[in-house]
Each structure stands twice: as structure tokens, then as C-alpha cells.
Amino acid sequence: MFLNPPMDPAGRKVDVSDRLLICSSSNMRNEVVVGGSDHALYSINVSDSTSKPITMHNKSNGHSDWVTSVTHLADGQVLSGAMDGKLCLWSQRNRSQCIELNRDSIHPISKVVSDARYNLAMSCSYDGNIAVWMFNEDYQPAEAKSGPRSSAVRATAAPMGPVPHSYLSAHTEPVMECGYRDNTFVSGDKGGSMIIWDLSRGQPKHKFRAHPGPITAIDCMEDRNTFITCGTDGFVKIWDPRAAGSGLVAKIPAHVTNAPPAQSRGPVAGPGRGTIGGRVTIAGSRSTAVVSGSRATGGSSSAGRGVVGRTGPSSGSAAPASAPAGASCAISCMAMTSSRGSSSDASYIITGSGSPQDSSLVVMDLRQGAKPVSRWDHHRNGVYSLCLVGDQCVFSGDGMGTLLCHHLLESELDYPRSCLKYGIGASEVGAVRAINCLNGKVVAAGEDGNVMIYDYDA
């Protein structure tokens, strides 16, 4: 379905804000919730083009600073965190109403994650603590409770909700990333430390110094014994606490220029605006493409919306400035295939670099010890977001507002550039910060404050 361009390449624009959007979450049916720098969240019914977005913010409900993360709970409630240190739990019955959760810190929230099966969630904070939450279905507060902030603030704040089930306290730096799978939880901090947790006891099981600087992406594999970390050093590392020595199974210089070969112990369990039909060049890809859905005025080459497809031989193009030899380009995002329900036996890790000097996607094959098998350099600017659909489509958004679709299973062909299927100008100004794929639709949120919805032919 997604390997072909959307039915309407221009997409459906939902203008929710004049500020940049940062994060998003979907219920995998018809709702996407986005949050950003205007302190608000917005609930969008992507299946109903006539419905208006619901603003999740008012004088008595919501955040007072940038919203940094949002997630759906199993029962449909939405949990959001922000730089104001608040955690807000939004009702499924009324998206404009929330309760503020009690916790022992007012430090900014960096990330929230939830269990798709249960009303369980974890919130990561800049003070190095992680709060574990267990919610009743659509929690309704009785009375406001006292908390760490003054009563004067509480008088106008949202009603107070549940308290944390437990705290995980072993990090000494701000916790920036975390991953959760089947009761296995792992977290990474700004100092480069990774901790694997025993949630039942609230204690660390294993701790590793994974990277010399901030961990930018982290996850656990389906076996729940193998863990993947990415950092600003440009390396992807795979860990197994059962392995002898340091527990490091593989170290892959995915985004390090002129680096030595990857160290491994074996297998591990868009485009410019222009007239329709005009030819454009994707910077850095040595390929040309045909614009098939953009009608910008004047044939300008500024970033815009429309589809790029049918990539062909190069007529010569200027590539982005490359990084110096031996330079490390920070990894900004990571996605991993799942063998469950997969139509192939392939298992891949895909990473994107947020550096303008790299702006590539790297595909690593776990069957070959996470060996890089393909590098896609079609983006013109750093990659900020990734969304994997099944075992075939990889959607990625960059700093110039371009959304690209690659075919993952063609990543090992002799001509890897054939992996690029098409591109969409999804943000008029700035980066594509978040991508969701649900119910035959791709939803992109950008720094222009718009949400773009693309419908696909089933």
C-alpha cells in the first residue's frame, strides 16, 4: 500500500499552530495527538476530514512550557510531559480535560512511554529519575491533593491525579531515552549510561557506560535480552548482559566517516516546488526525479509539498558538504523491524543522522552481526524522524521538510538507490519532527505548525 505515492500528493493540511510541533502519538485507529512549543496538544481525527482538531489546553488544563513527549495508554487516555515538569493525563471522554499527576520532582520531562496492553507508563526526567505509573481506566479525580508546588499555583491548576507506583533512581544524569518491551525496560542518559531495570523490584539489573556522550536512541529486541543503543558519537552498539566481559556484542560505526569496519561477535538474536512534470534533483543522491504533485507558483525551488518519484540516472548534482574524515555524526533516530508477522526472515536496524554533514539512513542486518548493508543518502538535510511500516516501508523526515519512502527489502540490491520510492514535501518551514502511520494513512507533524495527512489506496 505505502510503496506507491498517496492518492493526493498534496495531502490534507491541518493547521493547528503557528509554532513548531515536536512530538506525536497515535491510537493506531483514527486519532493522532501532537504537541509542541506553544504548550498545547491537539487531538486530530485523521479519518474525518470535516472534524476540527481539539485543543488540549486552557486556563485550568494543560502545560505551561514546551510539550516534549506524548503517548496513548491502552484504554485511550493520553499522557503528556513537558519542560514545565508536569505530567498531564487526558481523559478519553473529553480530550480538553486533564488531571495533573503527583510526583516528587518539578524537573522537565524528557520522555513518556506506555505499554500497549496495560495502563502502564514510565516518565523520564531531567533529574535522572524515572516514575512508573499504573492507571485505572479513565481515572477521575476526587479532590485536589497537595503537592510540591505552592497552593497558589494549585488553585488554578488541573486536579491532582494518581501518584507513581514506584521510582527508578540510579541515573546521575538527565534521562533522555528509554525503551520498553514485554515488561523489559531500559533507559539511557545524557552522560552515556544505559541501565536495564528490574521493574518488579524497582532496581537496576545491569548498568553499562554505553557511549562517551548522550544516548540518543535506545531499545530492546524481541528476545528481551539484547539491547541497542545509539549516541552522538555516531556508533550503534548492541549489548547482551549474558555475554562475557563488558556485555558489548557489536559496535557499528554507522555514522562515523572513514571509520574501521564494524566490530561484531557474529549474528545477533524532499523535493523543491515547481510545475507538474518539471525535473528536480534530490541533493546528494546522484539521481533525478519527476515532480508529480506540486503546483507551486513561479517554479520556485524552495521547499514545498508534492511528490518525488521515478528516480533515474543522475545528470549531476551537488551533494551536501561531507563530514571530515573520522568525524562522528550524531544519530538522531532509530527503528527496528519485528519478526512477528513479518513476510521475510530479515531483521534490520535503521538509523538516521541529524547532522547536515551526514543526513543519511543506514540499514544494518542483524543476521550478519548488524553489518551495514546499505546507506541511503537521498536526504538534503539531517534526518529527524523515522517510521517503519511492517517489514517493507521506511518513512523518514528531514530538516528541510522532506518526507521520503524507502523499500527496506530492496536494501541489499546491487543498485540500492532503487530503494527510494518517492518523496513528499511535508513541511513548508523547518523539519518533519514526527511521523505516524495508521489505518492507511501517513501523518507528519512539522516545525511549520501543520499536520499533513496523506491517504493511500488500499
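Me: Where is Met28 placed?
Reply: In this predicted model, Met28 lies in the loop that links strand 2 (21-26) and strand 3 (31-36).

Me: Is Met28 buried or exposed?
Reply: Met28 is exposed, because its relative accessible area is 53% and the cut-off for exposed is over 50%.

Me: OK, what about Ser359, what is its phi?
Reply: Ser359 is not a glycine either, and its phi is positive, at about 50 degrees. Ser359 is placed in the loop between strand 27 (348-353) and strand 28 (361-365).

Me: Buried or exposed, that Ser359?
Reply: Ser359 counts as buried, because its relative accessibility is 2% and buried means under 20%.

Me: Changing topic: what volume does the second largest cavity have?
Reply: The second largest cavity has a volume of about 30 Å³.

Me: Which residues line the second largest cavity?
Reply: Its lining is made of Arg103, Ser105, Ser123, Ser125, Asp127, Asn129, Ile130, Ala131 and Tyr167. Two or more of the lining residues come from each of strand 11 (120-125) and strand 12 (129-134).

Me: Which strand gives the most to that lining?
Reply: Strand 12 does, with 3 residues.

Me: How many of the lining residues are nonpolar, polar and charged?
Reply: The lining of the second largest cavity has 4 polar, 3 nonpolar and 2 charged residues.

Methods:
Residues numbered from 1 in each chain as written. Predicted model: local features only at pLDDT ≥ 70, side-chain atom pairs only at ≥ 80, totals over all residues. Heavy atoms only, no water. Helix = DSSP H or I, 4+ residues; strand = E, 2+ residues; numbered from the N terminus. Buried < 20%, exposed > 50% of the residue type's maximum accessible area, 1.4 Å probe, protein only. 1 Å grid on protein atoms, 1.4 Å probe; cavity = no way out; pocket = protein on both sides within 12 Å on 5 of 7 lines; lining within 4 Å. Points joined across faces, edges and corners; volume = space filled by probe spheres on them. Nonpolar A, V, L, I, M, F, W, Y, C, P; charged D, E, K, R; others polar.
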